[in-house]
Amino acid sequence: IARGISRAEMGIATITNLLITLGVILSGAGVPISSIRFISESIGAGSDYRPLIAASILTRAILAALYSAILMVFADQIALLLLGSTSNVGFLYLAAIGVVATGFASTFYNALIGLNRMLAVCLSYVFSALVGYSVGVLLVIEGWGVTGYVLGWVANGLVGSLVSGASLARAVSLSLNDREEITKTMRALIAFSVPVLITNLAAYAFNCFDIFMLVGLASQEDLGMYSVAKKAYSVITMIPLNVAMALFPYYGERHGREELGAIRAATATVSKYLSLLYPPIALGLSALAEPVLVVFAGEKYAGSTPMLMIFGLFGALTAFVPMMGYLLITYGKTRQYMAANLASIACALSLAPILIPRLGALTGMALVRGLALALLLAFYTLSTRNLASADYRAFAKGLTGSVIMALSVYLLQTQLHGPLLLPLYVLVGAAIYGLCVRALRMLSYDDVILLARVFPKPIERFVLFIGKLVTSS
């Protein structure tokens, strides 16, 4: 898609995505995230969780319709303000449809996560992505440009809603007959979820403040270049994000049973494996930023290399951020969550007047974002110091091995330069990191067995084989 549309069109798509994401957050009112906690706690306590699911769906239906209506009524004004011309008003109408489709998918996904139906969530995500992005690619090839790209998002949301909704219907038999109970539950959920909504908006502000700043500071072409670098980095952030999301219902069940020691032990175990897996990928992406961008997005995005290098560097330092964020939500510490996000933005933006004039709008803003992420980790660490038990020794080892690997691969790249050599760089980096894992004694074979059990049988055998090579015992 990046190859098939211009950089300016990519900038338009980025702004449209901001509006869809904001609509999904506002129309959820914090209820989807809260529902994960309450559904999992109800399962742990043995109580009826069906009114919670029905109330979540009803809340989404009302608020998504309201947001979409507002977007359509004020479409001309919003298009002129954010997209530069009323000729782009069609993207606002597509955004309105996308909010409804994606919003329902999000509600169904979170209900399934609360029920611990992770296979159904996985299949729904995969199928909707296959259909949605296939539609987007085909329409771009057919000459629809950025309109085709955005229609792919709408298709993704529609298919996700249908598949996850069908999975939820098979898992739970819902009834709307007891309207009084559902209405009462909906009011209680919304009242509880207001702080969660505020924290979601704070997280949205953290994730998007750099894009909003660049809308005023840079052209749509520059915004397109920045967004592609950020998109490339966001692919690898799925590792800690999905690990944290998978832990969330576990946190909820243990919190419902008041097994707080189990939650603390889980953070120690998970942080060890995040330390092993995430820093090498993040620093590897930083070292290989240019060939990755050229291979996957095209030569016109080679100028995004400094931004992707900065994202990868700071990302390697902040693998625990999602895990700690969900922990704060589980314990109801929404004020600390919100304060941490807003404070990190404010502190980082205070450096923008110094960095942007010297480094330029794009590189300067990337560095501001990286600093904000590092500050967010610091604030989260302070807020969870009595709740979590992160394995910082494992993190130090993982980071050390990752730095050695990234420097080696970067030096190799300077001697043998070419985007088509990307597979070679990756293989060399994996081999060097494997040697570091063995030399620094990061893993025991028991750890490898535990990791291997996550995968299907054929992949499990391969993981065990690699584990024998990199473990010290």
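Student: What joins the side chains of Ser27 and Arg60?

Tutor: A polar contact of 2.7 Å joins them. Two cautions before we go on: this is a predicted model, so local features need pLDDT of at least 70 and side-chain atom pairs count only at pLDDT 80 or more, while totals for chains, interfaces and linings use all residues. Residues are numbered from 1 along each chain as its sequence is written, and side-chain values use heavy atoms, with hydrogens and water left out.

Student: Why is the pair Ser27 and Arg60 called a polar contact?

Tutor: The term means a pair of N or O atoms within 3.5 Å; within protein, one must be able to donate a hydrogen and the other to accept it, and residues adjacent in sequence count only if both atoms are side-chain atoms. The 2.7 Å between the side chains of Ser27 and Arg60 is within 3.5 Å, so the term applies. A polar atom of the Ser27 side chain also lies 3.4 Å from the backbone oxygen of Val24.

Student: What makes Ser27 buried rather than exposed?

Tutor: Buried means under 20% relative accessible area, exposed over 50%, and partly exposed in between (1.4 Å probe, protein chains only). Ser27 has 0%, so it is buried. This serine lies in helix H1, residues 7-28; helices (H or I, at least four residues) and strands (E, at least two) are DSSP runs, numbered from the N terminus.

Student: Which residues does Ser27 touch, not counting those up to four places away in sequence?

Tutor: Thr59, Arg60, Leu63, Ala64 and Val99, where contact means heavy atoms within 4.5 Å. Ser164, in helix H7 (residues 146-171), is likewise buried, with a relative accessible area of 0%. Leaving aside neighbours within four places in sequence, Ser164 is in contact with Ala105, Phe108, Tyr109, Leu112 and Ser124.

Student: Are Cys208 and Cys347 buried or partly exposed?

Tutor: Cys208 is buried, because its relative accessible area is 9%. Cys347, at 36%, counts as partly exposed.

Student: What makes a space a cavity rather than a pocket?

Tutor: On a 1 Å grid over the protein atoms alone, a cavity is a set of points where a 1.4 Å probe fits but cannot get out; a pocket is an open set with protein on both sides within 12 Å along at least five of seven lines, and lining residues have an atom within 4 Å of a point. The whole structure has 1 cavity of 30 Å³ or more, and the largest cavity holds about 50 Å³. Its lining is Lys272, Ser275, Leu276, Ala394, Lys397, Gly398, Met442 and Leu443.

Student: How many residues of each class line the second largest pocket?

Tutor: There are 9 nonpolar, 1 polar and no charged. Ala, Val, Leu, Ile, Met, Phe, Trp, Tyr, Cys and Pro count as nonpolar, Asp, Glu, Lys and Arg as charged, and the others, Gly among them, as polar. Ser286 is in this lining, as are Leu283 and Tyr410, and H17 gives the most, with 4 residues. The volume of this pocket is about 180 Å³, that is, the space filled by probe spheres set on the grid points, which are joined across faces, edges and corners.
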